Amino acid sequence: MNFYKDHYDVIVIGGALAGMSAAMSLAKEGKDVLILERHNLPGGMATSFVRSGMEMEATLHEMMSLGLKEEPLYIRKYLDEMGVAIDWLRVPEAYRLLSHPDGIDITLHAGRRPDGTWVCADEIDMIYSGTKDEINRLLELCRSVYESVLFLNEHTLSKLEMLMKHEPLVKTAGYSAKEVLDTAFNLPEAVKKILSAYWIYVGQPISTLPFTIYAFLMADYMMGGSFVARGFSHEMSVAMAEKCEELGVQFEYGQNVEKILVRDNHVYGVRTSRGDEIHCDYIASAPYPNTVYGKMIEPQSEVPKEARQYANAMPMGVTNFSVVLLLDKSPEELNIKDYSVFSSDIPFDTDVFWEEGKKIGGWDYLTTICLNYANPDCVPEGMTSLSITFLPLPEAFLDLKADEYFEFKRTVAKEMIGRVSKHLGVDLMEHIQEIEIETPVTMSHYTSDYRGGIYGYQHSMDNSVVGRLEDLDKEFYIKGLVGCASHQLVGDGMACNINNGRIASKAILEWMKEAES
Amino acid sequence: MKVKGFLQDVTGASRVTNARRKRISSGSYLNVYSDPIREVAKEVHPDPFKVRVVYVTDASPTARTFRLVPCEGKLPPFEAGQYVSFQDLRIGDTLTTRPFSISSAPFEARSEDPFFEVTIRKGKDNGFVSNYFYNEVKEGDEFTVEMPFGQFFHEPMRDAKNAVALAGGSGITPFVSMAKEINHGTLDMNLTILYGSVSSKDIILKETLDSVESDRVKVVHVISGEEDYPGEKGFLTAELIRKYSSGDTTYYVCGPLPMYHFVRGELAKLEVPEKRIRMEVFGAPVDITKADGYPECSAQTFRLTVVRGVHEDVIEASSLESLAVAMERAGIPNNTRCRSGACGYCRCKLLSGEVFVPAEGDGRRYADKMYGYVHACSAYPLTDCKIKIIIK
């Protein structure tokens, strides 16, 4: 019995956001595409689950670069262009940063006024007076970098044109966020801390986080704000999967790709765990290069040594540890007042938090999201949906044993719940109706991603997006094979992964053109 | 605009590009792939694997316990109360799956000679698979299983340390697992099992239950059909439940569907808060036409088109049975685990036609309802239907 065509133009391994975006873009161009997804749901980590009849968001998930309907940013434009309709809800505040040791407790909101001033600059100025001009100047710089990055996403320029038209991007590209904040701006330490709270959404301390990425993130969050789907992340994933199929993509779930078949340095197909050998000209791969070159390419003699060198040298980004809770009281009754809280139990220092992520537990910087405030209907009346997250490094978990697993997750989760309970002055342990603990092992189980990584490779100064872009064309080590997930150019995040998928599809379309001519 | 100085600023891009090239050139040419986290994930959530029956013993005049060992390697860790799914059961022309609560303890599965047990009463769920097990399965038989699954276990961060189990019929099995684990010192809870049976000879695992009584485990048999039974008589009423509860208590309920409805009502009388009630999923309804909201219509047979990739089959589907059962009768392999509509493993797209989904077995996500996805084990055809399923 044959379930597949004899041949596809493109096989996409992994039906998550990047893979689905690549597939949609390719199918729009009339290409014959097959998506093979190992899980029985689309979306990868952008998913949800149901416990006792109640749906729970898998972890903290926000869509960026949407902008408002009236002022759409590039992700909204792309989804509109593809005809993907999602019921987006704007999240109320950017974040609250709570750091008692620093005496910091401040809530910031997104928004840029027509005169170019920013809402959050005024909010900070209320407490740290006399800082708003510098903050406005910083955020305008961020915005300028953001605009340039988006422009360069679609266009190629000479170095001179770059400098003429995108001076702020060019001139900050060689610096870390910390260098720019320390050198080019006159801001008190506390304000710099406040403006660094989002570091965890890249998982890179600001001392090694390229300013380019910092600026993009700040502008993105502070300009348009972020969004969640009414039907949880699963709504977004299903809406995209539906569109793929509507565009003629064959989308098969429950199919684990074990091997990528290569001949004469060119891919020609895949083999699944079920034993199907399926042929194609091009492959977009969600599995990390480490996994692809380490064990998927068949025969292994087809792996160029440069490819191994690349995969071995790439610095692995963070993974996830989340406690997802349904609580038996309303947020008000539990003293939960905010949608998004970053909390620090020691003086705020991203280098220290980063070091803490190399060990299990003892994490002082937590992200707590109360989904009720973005999506009031996400739980039955009188209940609360709350997630607590830290993003440690995979290296912290390399010695973990299966026998210790249940106890390990509970111990760490308990500590995290305890910290948040302390901030709230309410013992959340007494209110747990449902609890799920997500670890790197969970990530690995559902996605098989290398070492449970969720953010691809580090956005470090020696793996900067600028350097990635410069060498993009050189890093296709096997012809016809392109990476398609957060380990690619733009890195982590849902919006970024849609972009990673589009970049993958562009590469494939260019190869197709070359092959034709 | 300047950061550190014009020249240093404009050469920044080359600086980071060079730093990256330097990093990459430091990488090894060897294949050093290793992913210990993936290895743990595979040990905790293994792919389906083969097990062999090594021992069959009577658990009551109508129930048997089957001890199974892995054909190779280890068994995954699990929580007392979780279930195993028997995959690829071929009975006659039917290809089906069944979930059974594991009646042995987690520590026994992680011992030097790992095993697990399921205890199956004949006649359960129309008796199709349970009778097969009871009558046919013998030592040496091999099966493909997948485990562990289910949310029915003591979660110390959520549940009270004092627990009362409300069990009926073969619903006793997860509590036997819990009791053994408690006595082994690896599950920290106090368990009182209220076990309802019609007559004392129906009690499943009687001897085991006698042997697990300890300072932390108490077993109370509640017999409904024997006038002269010396112990507790009748049903699992609010009064009886109150008698055996002390302080903050979590109630675990496992048994046949009518018992759920009854016990729910009794717990409501005691004003037990929702989070103190844990219910095991209860399988497919015996008669779907009696489910709330089932439309007025007579039993009939529909055409069900099953799409797998580019392949299509057209089979018959009875309105009285789920789409999953229709496929199983036709020998089409499809994924099911809990068979109660909850786990979503049999999620599939309804391409055309109409189905009935009972509210009690509707574990679907919000967006899946919106986009017409159904769980095949809990969707009953009301017209000819076309579905797209996972290629198994």
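**Exercise 1. Describe how helix 11 and helix 12 of chain A pack.**

Step 1. Take the geometry. In this predicted model, helix 11 (residues 289–296) and helix 12 (residues 305–313) of chain A pack at about 135°, with axes 9 Å apart. Axes are lines fitted to C-alpha atoms, for helices over the stretch in contact; angles run from 0 to 180 degrees between N-to-C directions. Helices (H or I, at least four residues) and strands (E, at least two) are DSSP runs, numbered from the N terminus.

Step 2. Classify the angle. It makes helix 11 of chain A oblique to helix 12 of chain A. Under 35 degrees is roughly parallel, over 145 roughly antiparallel, 65 to 115 roughly perpendicular, and the rest oblique.

Step 3. List the contacts (C-beta atoms, placed from the backbone, within 7 Å). Pro289(A), Asn290(A), Tyr293(A) and Gly294(A) of helix 11 meet Ala307(A), Arg308(A), Tyr310(A) and Ala311(A) of helix 12.

**Exercise 2. Work out the order and the edges of the six-stranded sheet in chain B.**

Step 1. Read the order. The open sheet of chain B runs 4-3-6-1-2-5, with antiparallel pairing. Strands pair if DSSP finds at least two bridges between them.

Step 2. Find the edges. Strand 4 (94–101) and strand 5 (116–121) of chain B each pair on one side only.

Step 3. Zoom in. Strand 2 (residues 63–70) of chain B is joined to strand 5 of chain B by six bridges. Phe66(B) stands opposite Val118(B) in strand 5.

**Conventions.** Residues count from 1 along each chain as its sequence is written, and chains are lettered from A and ligands numbered from 1 in the order written. Local features need pLDDT of at least 70, side-chain atom pairs count only at pLDDT 80 or more, and totals for chains, interfaces and linings use all residues.

Definitions and conventions. Contact = placed C-beta atoms within 7 Å.
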